[in-house]
Structure formats: structure tokens, C-alpha cells
Amino acid sequence: MNNRARGYIYVAGQFLLLALLFTAPRMENPYGQFTPFLGILGLAVMGAGIAVLLASFFRLGKSLTANPVPKDDAELVVTGLYSKVRHPIYFGLLLLGLGVVLDAGYWPQIIIWIFLYIQLYIKANFEEYLLKQKYPGYAAYAAKTPRFFPRFR
């Protein structure tokens, strides 16, 4: 199997998990008296995830692709959110999913979110293998920049 086909398999798995996350059954009152607070918090976290996704999409520009195989004419982006994490799109997807978990509060969403994290971790490993081959400076960038979650100092 070639790299592009393998990349599309990872993308399909990612979108399947995202679809399941949004369509899995929800509890009516998952957290008792905390439901309104966590529902609002969940919506805020979803909003933050969407903001991170949009900022990441715009920063990548012509290098943007859903497939983890870098485009031939792609440039390595290490500025903006990419200076804080190597995969801000994946970070945005994880935030979006966490917001759904907080809002829905039911075990299917929690399990699906864990599988989404695992899927993105595997996809990032594959993508980083390819990025190290394409960009000589990627290994140094990866050594100093966290993969998904920014460091708070």
C-alpha cells in the first residue's frame, strides 16, 4: 500500500470517529446539578476547538491537506499555533471532541474520544515520519515543540 492510500485510511478513520462522537447517544442529565455548567463549558471548549482549527487551516495555507502525506509544493510551517504544537489541527479536533464529551457526559463519547486520540496519535506518527524525510529541519522542530498539547509556563 502506498503512503497516500495509507493516509486516506487514517483520514477515513478520523472522520468516522468524529461522526460517531457527534451522533452517539446523549444523557439527558449526565452530571446532575452540574449539567448546565458543564454543558456551557462543553460549548466553550467546542468553540475553542473550532477557533484553533480555523487558525491552523489559515496558517497552513496552500500546504493544507487532510491526508497526512505532505503535498509536493508544501512548505514547513512553524509559526503561529505551529510554534506552540506540531499538530494544532489535531489539538483543535481533540478540544472539539472534549467539548462534546463535557456537553454529552455519557460513556460512549468518552470511549470514542479516547479512540480519536489514539487514531490521531497513530496518524501523527506516520505524518511525522514523512515530514522528517521531506524537511531536514523537522527533527529539531519536533524536539522542541510538543506534539498535541501546548506547554504552559
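Good morning. The largest pocket in this structure holds about 540 Å³ of space. Please note that this is a predicted model, in which local features need pLDDT of at least 70, side-chain atom pairs count only at pLDDT 80 or more, and totals for chains, interfaces and linings use all residues. Residues are numbered from 1 along each chain as its sequence is written, and side-chain values use heavy atoms, with hydrogens and water left out.

Rolling a probe the size of a water molecule over the atoms shows where empty space is left. A pocket here is an open set of points on a 1 Å grid over the protein atoms alone, where a 1.4 Å probe fits and protein lies on both sides within 12 Å along at least five of seven lines; lining residues have an atom within 4 Å of a point. The volume is the space filled by probe spheres set on the points, which are joined across faces, edges and corners.

Which residues lie nearest the centre of the largest pocket? They are L60, T65, Y82, I89 and E127, out of 32 lining residues. At least two residues of this lining come from each of α1 (3-23), α2, α3 (88-104), α4 (107-134) and α5 (138-144). These helices are DSSP runs of H or I, at least four residues long, numbered from the N terminus. By class, the lining has 22 nonpolar, five polar and five charged residues. Ala, Val, Leu, Ile, Met, Phe, Trp, Tyr, Cys and Pro count as nonpolar, Asp, Glu, Lys and Arg as charged, and the others, Gly among them, as polar.

The second largest pocket has about 150 Å³ of space. Of its 10 lining residues, S83, K84, K144, T145 and P146 are the closest to its centre. Four residues of that lining are nonpolar, two are polar and four are charged.

I turn now to helix packing. The axes of α1 and α4 are 9 Å apart, at an angle of about 160 degrees. That makes the two helices, α1 and α4, roughly antiparallel (over 145 degrees). For α1 and α3, the angle is about 20 degrees and the axes are 10 Å apart. Hence α1 is roughly parallel to α3 (under 35 degrees).

Finally, let us consider one residue. P36 is found in helix α2, which spans residues 35-60. Is P36 buried or exposed? With a relative accessible area of 56%, P36 is exposed (over 50%, with a 1.4 Å probe and protein chains only).

How values were computed:
Buried means under 20% relative accessible area, exposed over 50%, partly exposed in between (1.4 Å probe, protein chains only). Axes are lines fitted to C-alpha atoms, for helices over the stretch in contact, and angles run from 0 to 180 degrees between N-to-C directions. Angles under 35 degrees count as roughly parallel, over 145 as roughly antiparallel, 65 to 115 as roughly perpendicular and the rest as oblique.
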